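Colleague: Before we discuss this model, may I see the sequence together with the coordinates?

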Amino acid sequence: MKKAIFLDRDGTIIVDKNYLNDPEQVEFIPRAVEALKALQNDFLLIVVTNQSGIARGLVHVENMHLIHEKMQAVLNPHGVQITAFYHSPHAADSNHPLRKPNPGMLIQAAKDHRIDLGSSFMIGDKPIDVEAGHRAGTKSILISDEASETCSPECVAPDLLVAAKWIFQMNLD
């Protein structure tokens, strides 16, 4: 069984542009590429992203795929490979099993890639990311400048690189 880092997309890896629909507007958060490069040495990198903008007609599915292709194209020169991108196109109020905080995307990825969820991590910038990770059986990290009163992640980190360093330290203990 493999270990994975499940990553929210907007606000965790790339700047949250609020219903991003243009691949040319992809902007990586500082230090995110460095973090992904380090993490991929021990983990599969799996993006799991809610995209309610699709249900709302604000984001076109084709553009979302082009955004993911653009992300990978930016990562390629750095030797970083995203194993897979999973998305939930469902409305925010749908409670669909794939939509975070439900763990459906993580569970599907675990089946598809033979991932041990108990040895894996979910990293995201919202409490629903933390909850999805916990529901799937992973440890969860919240990307935030302060602790959350609405969720209980194993770690709160200001960015993806600090989260990666925490994961490596935890794996050494």
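Predicted model: local features only at pLDDT ≥ 70, side-chain atom pairs only at ≥ 80, totals over all residues.

Colleague: What share of the residues of the protein chain counts as buried?

Modeller: A residue is buried when its relative accessible area is under 20%. The accessible surface of the chain comes to about 8100 Å², and 50% of that belongs to carbon and sulfur atoms. Of the 173 residues, the buried share is 47%.

Colleague: Among contacts between residues at least 6 apart in sequence, what percentage joins residues at least 24 apart?

Modeller: Contact here means heavy atoms within 4.5 Å. Among the contacts between residues at least 6 apart, the percentage joining residues at least 24 apart is 63%.

Colleague: How many salt bridges does the count come to?

Modeller: Side chains of opposite charge can pair when their charged atoms come close. The chain has 16 positive and 22 negative side chains, and the centres of the two sets lie 5 Å apart. With a limit of 4 Å between side-chain nitrogen and carboxyl oxygen, the number of salt bridges is 9.

Colleague: How many residues apart in sequence are the parts tied together by Asp8 and Lys100?

Modeller: Asp8 and Lys100 form a salt bridge, with their closest N and O atoms 2.9 Å apart. Asp8 lies in the loop between β1 (4–7) and α1 (32–39), whereas Lys100 lies in the loop between β3 (84–88) and α4 (104–113), so the pair ties together parts whose separation in sequence is 92 residues.

Colleague: Are Asp8 and Lys100 buried or exposed?

Modeller: The relative accessibility of Asp8 is 6%, and that of Lys100 is 2%. Since the limit for this class is under 20%, Asp8 and Lys100 each count as buried.

Colleague: Which peptide bond is cis, with omega near 25 degrees?

Modeller: The proline concerned, Pro101, is found in the loop between β3 and α4. Omega is near 25 degrees for the cis bond from Lys100 to Pro101.

Colleague: How many residues apart are Asp159 and Arg31?

Modeller: The side chains of Asp159 and Arg31 meet in a salt bridge at 3.0 Å, N to O. This pair links distant parts of the chain: Asp159 is in the loop between β6 (155–157) and α6 (160–172), and Arg31 is in the loop between β1 and α1, at a separation of 128 residues.

Colleague: Is Asn95 buried or exposed?

Modeller: Asn95 lies in the loop between β3 and α4. Although not a glycine, Asn95 has a positive phi of about 55 degrees. With a relative accessible area of 58%, against a limit of over 50%, Asn95 is exposed.

Definitions and conventions: Residues numbered from 1 in each chain as written. Heavy atoms only, no water. Buried < 20%, exposed > 50% of the residue type's maximum accessible area, 1.4 Å probe, protein only. Areas by Shrake-Rupley, 256 points an atom, 1.4 Å probe, with all protein chains shown as cover. Lys, Arg positive; Asp, Glu negative; His and termini not counted. Charge placed at Lys NZ, Arg CZ, Asp CG, Glu CD. Helix = DSSP H or I, 4+ residues; strand = E, 2+ residues; numbered from the N terminus.
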